[in-house]
Every structure is written in structure tokens, then in C-alpha cells.
Amino acid sequence: TLVRSLAKKRVPLQVGRMCYSSSVPTTKLFIDGKFVESKSSEWLDIHNPATNEVIGRVPKATQEEMLAAVDSCSRAFHSWSETSILTRQQVFLRYQQLIKDNIKELAKLITLEQGKTLADAEGDVFRGLQVVEHTCSITSLMMGETLPSITKDMDTYTFRLPLGVCAGIAPFNFPAMIPLWMFPMGMVCGNTYLMKPSERVPGCAMMLAKLLQDAGAPDGTLNVIHGQHDAVNFICDHPAIKAISFVGSNQAGEYIYERGSKNGKRVQSNMGAKNHGVVMPDANKENTLNQLVGAAFGAAGQRCMALSTAILVGEARNWLPDLVERAKHLRVNAGDQPGADVGPLISPQARDRVNQLIQSGVEEGATLLLDGRNIKVKGYENGNFVGPTIISSVTTDMQCYREEIFGPVLVILEADTLDEAIKIINKNPYGNGTAIFTTNGAVARKYTHEVDVGQIGVNVPIPVPLPMFSFTGSRASFRGDTNFYGKQGIQFYTQIKTVTSQWKAEDATLKSPAVTMPT
Ligand code: NAD
């Protein structure tokens with residue numbers, strides 16, 4: 001069941017082309033192990049991006065409700081952090097199985113609220129599931145260090161211990177994967193967790209919370225609140241919250257990093273991107289063009305790792321007509337329709353912003369090789385669709401280059417040499433991801449060493465690391481010093497206690513007090 005109550009006049013929730021009457025389901029809060037209706041007087045509509053119909057409502061939780069949620073986390077912390085690590089591991093072993101069993105249902109919810117295609121939505125769940133699977137190695141991941149005999153009869157060892165209550169603030173574009181980067185990592189370490197999903201796509205996070213409860217997570221170990229700025233400020237300010245994981249835009253991320261840090265919390269903040277794909281003339285043309293098109297237009301470009309900018313080096317310039325041909329054949333449709341490649345954008349505002357950025361390119365002298373504005377999708381005339389769009393002859397001073405577009409738009413720059421391409425990328429403020437396409441190992445090696453970007457693909461268009469590594473990112477794409485998931489995720493959610501112990505043989509009694517610094 002969806003963790004929503006249907007308001008008094010019950011309306012069946014259908015995935016697909018939907019029609020709701022005045023009565024729509026409300027999203028619950030998850031407080032102290034119960035799914036409860038908010039008493040808030042402020043509610044936001046949730047829309048199906050393919051139709052713009054209202055499919056649900058989400059509350060802006062009241063101060064009392066947010067306090068109840070964090071108090072619940074605080075109360076649960078003592079017993080959860082003292083629960084044996086094997087028991088915590090068992091909860092997440094059951095959780096990964098429940099996610100697998102429900103992957104199709106989770107994906108349907110994602111498509112309904114976020115718009116991406118069903119196949120892509122399953123990928124969204126799957127990449128989060130991999131993080132949950134990784135948490136099941138916690139018995140190795142959380143080990144401390146030991147060094148015996150640092151002096152006579154003396155050993156030093158460390159414990160990794162949880163911090164307390166931690167919180168996560170998530171964006172709209174990965175309703176499953178990004179919350180799953182957050183609370184499973186925090187909780188398996190022994191922390192309790194306050195989650196605030198994106199208010200635009202809260203349904204999937206609620207279902208994930210229900211599955212975690214079914215997996216045996218005790219009441220209070222995970223609480224979920226909803227809202228916008230007030231909820232974010234509450235998280236940044238509440239003294240019981242020790243660490244905040246944020247993923248989203250720079251505007252919110254810089255603010256949360258600053259406000260949370262000022263309040264003495266650990267903050268990791270993954271933010272915006274402008275990812276460049278460098279195409280060398282020696283690359284495998286067929287693979288490169290297919291990969292570029294997939295990475296630029298998949299998820300309608302609403303991925304922080306979308307390859308939204310291509311730099312064609314030397315003769316690779318001549319590949320533009322073939323690139324356009326491939327992009328033209330992508331099918332734009334509602335995410336639940338068979339064969340859909342590109343779904344709608346999240347909102348009419350997002351669509352208008354993307355259209356405006358395309359227009360700015362035209363006005364600033366770029367060439368519009370493929371124009372996805374004004375696309376009509378039969379049966380979904382009210383959806384927020386933009387078709388694949390390619391803008392060439394773009395220069396670095398243009399607005400469509402400077403700003404993250406976050407839509408199905410590929411901007412093309414040209415360079416004469418690899419050095420020139422690297423210079424362009426290192427001058428761009430963002431450092432989230434990049435890819436180079438080449439068959440020359442020396443070129444690839446030079447690129448990976450010289451480019452100042454967190455995640456680099458060599459003939460891999462979207463190099464999101466698996467969870468045994470960490471999701472990195474440099475410069476304006478990241479604030480903080482410890483990244484999401486992998487070893488760094490464990491570091492983020494734990495603190496170290498160092499024990500130095502001496503056990504002398506009975507006859508080795510001290511003769512007098514030692515007043516100098518021990519060496
Ligand atoms: P967003 O910043 O609008 O929202 C993210 C969260 O912050 C939401 O929970 C929202 O309620 C809250 N929020 C929004 N505006 C706020 C403000 N002014 N002050 C305080 N809180 C605020 O982001 P989005 O539109 O949901 O997501 C898209 C952005 O996320 C893109 O920029 C994308 O690149 C980025 N992103 C980055 C990564 C990464 O790992 N680097 C991954 C996914 C998305």
C-alpha cells in the first residue's frame with residue numbers, strides 16, 4: 001500500500017493517465033513508527049509531470065510535528081546505537097530484499113510523481129539498492145584500528161561510533177537513490193535519522209520508510225517530515241541534529257552548508273553541475289555518439305551527472321550531423337508509456353526555464369541544430385515536455401553554457417586540442433562529472449590527471465561510482481570534506497574514540513609520579 005491516506009472520498013490511485021476528483025491522497029508524516037496525518041494548515045500539491053494533474057498533497061510539517069520527529073530520533077538513539085552491529089546488519093539484509101521485491105511498485109511511484117520513464121525509474125531504485133546492499137558489510141566497514149605495544153605494556157585502539165541524530169534533505173530528481181544514499185548509511189552506523197524528502201516527490205521515500213519498518217527498524221530510528229524552507233531551517237538549527245546530508249541545487253546547498261556548519265554540525269552538500277564530454281577524433285564514433293545522446297537526454301537531462309556539454313576536438317566537429325540524427329529518433333512520451341525515451345520535466349516552471357535558456361543561446365549567436373521546444377505529445381498535451389535539443393557554436397560566455405540547464409539540452413563547444421578542452425573545463429566553476437571518449441590511453445591518462453573534476457569517465461558517459469567507492473565532486477559541486485557513501489560515507493556518519501591502555505605486570509609498579517609529558 002502507498003503510505004498515504006486517501007481523503008474521505010476515497011479515490012483509487014492509478015498509475016498512468018490519471019484523473020483525480022477534488023479529493024486527492026495526502027502524504028503522511030512518519031513519526032515514532034506511525035504514519036500520521038499532519039495537522040498543518042499549509043499543504044502543497046503534487047503533480048503528475050506528464051499531465052499536470054494534481055495527484056496528491058504534501059504538508060509543510062508544523063513546528064510541533066518536527067519537534068516530535070526529532071525527539072523520537074533522540075529517544076531511539078540510545079537503544080539503537082547500543083543494538084549489536086549484527087542486529088543492525090540483519091535489518092538492512094532484510095531491507096535490501098524488500099526493496100528488490102518492491103522495485104516495480106517503487107518505480108511506478110517515481111514515474112508518477114517525477115516523470116522519468118519506468119525503466120529509468122527502476123535504475124533509480126537499483127542504484128539506491130546497491131548502497132543498501134553495501135551497508136550490509138557494516139561489520140567490516142565500521143572496524144577501528146589497533147596498534148599493539150606502542151610502548152611497553154601499552155596498546156592503542158580505536159572505535160568508530162555513531163554521532164547521534166542525523167538528517168537528510170533530498171532533491172526531486174532521484175526519489176529513491178538519493179534518500180537511499182542517506183538514511184541507510186547513517187542508520188547502519190547506529191545513528192537515528194530524520195529524513196526530509198523533496199516535497200515534489202515524497203511518495204517513494206514514504207514507501208521506502210514503510211519497507212524499512214517492515215524490515216524491523218525499531219520505532220523512532222527513522223522519522224520522515226515534509227516541507228520546504230521551514231523544515232530545512234529546523235534541521236539546520238536543532239541542537240540534537242549532529243550531521244546533515246544535502247543533495248540539490250547550489251542555492252539551497254550553500255545556504256544549508258553555511259547555516260548547518262555555523263551551528264556546529266557536520267554537513268556534506270552535493271550540488272549542481274555542468275558536465276563536459278570531450279570527444280577526441282580518434283574515439284569510436286558509433287559508441288561515442290550513442291553514449292553522448294543517452295547521457296545528455298536520458299531522464300530528460302534531469303540528472304546531476306547528465307552529460308550536458310560536449311566539446312568536440314579537431315575533426316570530431318564533423319560528427320555533428322550524425323549526433324543530431326540520433327537525438328531526433330528518441331521518443332518523447334509520458335514515462336509510463338511503452339517505448340518512451342524522454343519523459344517530461346518536473347514542472348511547467350522548469351520547462352519554461354529550459355525553453356528560455358534555449359532562446360538565450362539563439363539570441364547570443366549560437367546555432368540551434370535541433371529544437372525541442374513546442375513539442376506536442378499526443379494524449380499528454382498538458383505535460384511539461386521539451387524534446388531533445390542541440391545547440392552548437394556555443395561559447396563560454398553564453399548563458400546556456402554558464403548555467404546548469406537541467407533539461408534535455410546538449411550544448412556543443414569546439415576545441416582544436418585536448419589542452420584547450422581541459423582549460424575550458426577547469427575554468428568552469430562546477431566539478432561534478434566529466435567523460436572523455438578516445439582510443440588513446442595516453443590521452444585518457446593525461447585527461448584524468450589534469451582535469452579538476454570529481455568523477456571522470458573514460459569511454460563511460462555517466463561515471464557514478466558504485467558504493468564501495470564514494471560519490472565525489474569538486475569545486476562548486478560540493479561543500480564539505482567527506483563524501484557520500486562508501487568509506488567516506490561511513491566516516492561522515494561516525495566519530496572515532498581512541499583508547500590507549502596499559503596493563504603492567506604486577507611487579508612493575510611506578511616508583512614516583514611522572515610529571516613530564518609521556519613520550
Ligand atoms: P533544490 O535545491 O531545489 O531542492 C533540494 C532540497 O532543498 C529540497 O528538499 C527542497 O525542499 C530544499 N530547498 C529548495 N530550495 C531551498 C532553499 N532556497 N533553501 C532551503 N532549502 C531549499 O534542488 P532540486 O531542484 O530538487 O534538485 C536539482 C538540483 O540538484 C540540480 O542542481 C542538480 O544538479 C542537483 N543534484 C545534485 C546531485 C549531486 O550529487 N551533486 C545529485 C542530484 C541532484
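## Arg 303 and its contacts

Skip the neighbours within four places in sequence, and Arg 303 is in contact with Asp 120, Asn 173, Phe 174, Gly 294, Gly 298, Phe 406 and Ile 462. Keep in mind that this is a predicted model.

Is Arg 303 buried or exposed? Its relative accessibility is 14%, and buried means under 20%, so Arg 303 counts as buried.

## The largest pocket

The largest pocket holds about 1,100 Å³, and 43 residues line it. Nearest its centre you'll find Phe 172, Arg 200, Gly 248, Ser 249 and Ala 252.

Which elements build this lining? Helix 9 has the largest share, with 5 residues. Sorted by type, the lining of the largest pocket has 21 nonpolar, 15 polar and 7 charged residues.

## The second largest pocket

Next comes the second largest pocket, with a volume of about 270 Å³. Its lining is made of 13 residues, and those nearest the centre are Asp 45, His 47, Arg 200, Ile 346 and Ser 347. Spot Arg 200 there: it is also among the residues nearest the centre of the largest pocket.

Strand 5 (43–47) and helix 12 each give at least two residues to this second lining, and strand 5 gives the most, with 4. By type, the lining of the second largest pocket splits into 5 nonpolar, 4 polar and 4 charged residues.

Key. Residues are numbered from 1 along each chain as its sequence is written. This is a predicted model: local features need pLDDT of at least 70, side-chain atom pairs count only at pLDDT 80 or more; totals for chains, interfaces and linings use all residues. Side-chain values use heavy atoms; hydrogens and water are left out. Buried means under 20% relative accessible area, exposed over 50%, partly exposed in between (1.4 Å probe, protein chains only). Contact means heavy atoms within 4.5 Å. On a 1 Å grid over the protein atoms alone, a cavity is a set of points where a 1.4 Å probe fits but cannot get out, and a pocket is an open set with protein on both sides within 12 Å along at least five of seven lines; lining residues have an atom within 4 Å of a point. Grid points are joined across faces, edges and corners, and a volume is the space filled by probe spheres set on the points. Ala, Val, Leu, Ile, Met, Phe, Trp, Tyr, Cys and Pro count as nonpolar, Asp, Glu, Lys and Arg as charged, and the others, Gly among them, as polar.
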